[in-house]
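Work through the following exercises with the sequence and the model side by side. Each task is followed by a solution in steps.

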Amino acid sequence: MTSFIDFNKLIELLKYQPGDPLVFSTALFLALFTLFMILYTAFIKNNSFRIGLIIFFSIYFYYKSAGYYASILIVSAAVNFYFGKWIAATENFSYKRLILIISLIVNLGLLSYFKYTNFVIDIINGIGEGNIEPLDIFLPIGISFYTFKALTYVFDIYYDTLKPTDSFRDFALYLFFFPNLLAGPIDRAADFLPQINKEPFITKKELGLAVLLISTGLIKKVVIADYISLNFVDRIFDFPLRYTGVENLLAIYGYTLQIYCDFSGYSDMAIGVALLMGFRLTENFNYPFKATSIADFWRRWHISLSRWLLDYLFRPLQMKYRNLRVFGNMIGIFVTFLLCGLWHGAGWNFIYWGALHGFMMSFSLLIQKPRASLFKALRIENTKFLRFFQTLITFHLIALTFAVFRSYDMQTVFDMLSQINEFFHAEVFIQFVEKMPLITGLMALGFLFHFLPSKLYDYSVNLVSKLPLAGKILLLTAAIWLAAQFKSADIQPFIYFQF
């Protein structure tokens, strides 16, 4: 009997393929997640099976993205589970602190080996004119995210704000949980662990929210981010001197929109997928381009990382330098963002990017009082006029730093700024709109939806929630179909997977 299924091809498809992670926007994930949800729903009242199924699928999900480096994730879970137990088991502060230091050495040492070894070798070669060969090191996808999740658990036990779980199974589920495993949000164990053993329940409004998040996440990622990247942004950043200042400026705007749609699109899908399973993950974005200052931007952008840096890095530095008052805060801010840049990647562009944010926030703190006095004297404090210009200036500062973030060397940034300053040619904008109407439309649409009042989003959630189940399925199907029309033959991994 002729088989309709080629099992050899199926097995190859299910195996780890380097450079081809299992991402939410692929047909394979859709098929596997559908089968997963059928089993999950069928055994939803069987707590042991349900949790075991999530752990199994999460490990497979990571294996499909990182191959046998999935073993590092399992080792991380075992090591940090016991670090937490040992810290909680003693009243001796010195011993607690010693275990915490060992935990930091193990976690950050592992992260540093995979992420920064060759960067350090490059620096050594550059300084000493050495000839050390770079090592053949594979960077396990998502290692920065699950390392920070593990450290969150250990830190919270150390600070006595969390009691360790007695169940390795539950801790493993927290660390392995596939929706936010590769690129966040970086959830707190205190928020996630209590959800594990509760029977999953999702309200009608939450179901509507999940469908809307997954649908908009797909459109953000595939329709907007991937399309403008492949067809416009990458071309300009690769050869900025070939293009006019108008095109360079639009590319900077385009990349700013691209990285937002890419990363927030992933977060939307992660939160939506988790919600379908009855788990509530933390919000990760809140209209960041509406920010009126750099500090406000970081309250809206990658919120889970911002809170992590605030609680576990800035506040300890703030306490250490508290005698220096405002200058102590400035030191804490600058160091925090310098390390934030380094966390994002082993490259000078990431360090420059973090330093720029640290400098701008520190400088803003230094001039806070005279700035407030000036606004008061001009009678513009708390006015729409002031907020508009603060938002406009903040957006352009953020866009400039993202140009640094995107560029492999500062010469690219200087070339782009030079073209904008010396070879602008405003008339090219009309030609750009005429020649690239889809790129123009997608960028306009992306920014338009971002700057619309948030009440419209709440209205959309309520509207989708009221749809019958068939209507929700139809909406999700339409989003998948639209994404498929825009999808490149080469799958574009989410930008933050490399961090």
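**Exercise 1.** How many residues does the largest nonpolar core have, and which of them have the most contacts inside it?

*Solution.* Begin with the source: this is a predicted model, in which local features need pLDDT of at least 70 and side-chain atom pairs count only at pLDDT 80 or more, while totals for chains, interfaces and linings use all residues. Residues are numbered from 1 along each chain as its sequence is written, and side-chain values use heavy atoms, with hydrogens and water left out.

Next, apply the criterion: a nonpolar core is a set of buried Ala, Val, Leu, Ile, Met, Phe, Trp, Tyr and Cys residues joined through side-chain atoms within 4.5 Å, where buried means under 20% relative accessible area with a 1.4 Å probe, protein chains only. The largest such core has 128 residues, and F36, Y153, M277, F279 and W301 have the most contacts inside it. Helix α10 (residues 245-276) gives the largest share of this core, 16 residues; helices are DSSP runs of H or I with at least four residues, numbered from the N terminus.

**Exercise 2.** Which residues does M277 touch, leaving aside those up to four places away in sequence?

*Solution.* Taking contact as heavy atoms within 4.5 Å, M277 touches F33, F36, M37, Y40, I54, F177, F178, P179 and P200.

**Exercise 3.** Describe the protein chain as a whole.

*Solution.* The secondary structure comes to 21 helices and zero strands. Buried residues make up 49% of the 499 residues. Among contacts between residues at least 6 apart in sequence, 77% join residues at least 24 apart. Finally, the C-alpha atoms fill a box of roughly 65 × 65 × 55 Å along the principal axes.

Notes:
Helix = DSSP H or I, 4+ residues; strand = E, 2+ residues; numbered from the N terminus. Buried < 20%, exposed > 50% of the residue type's maximum accessible area, 1.4 Å probe, protein only.
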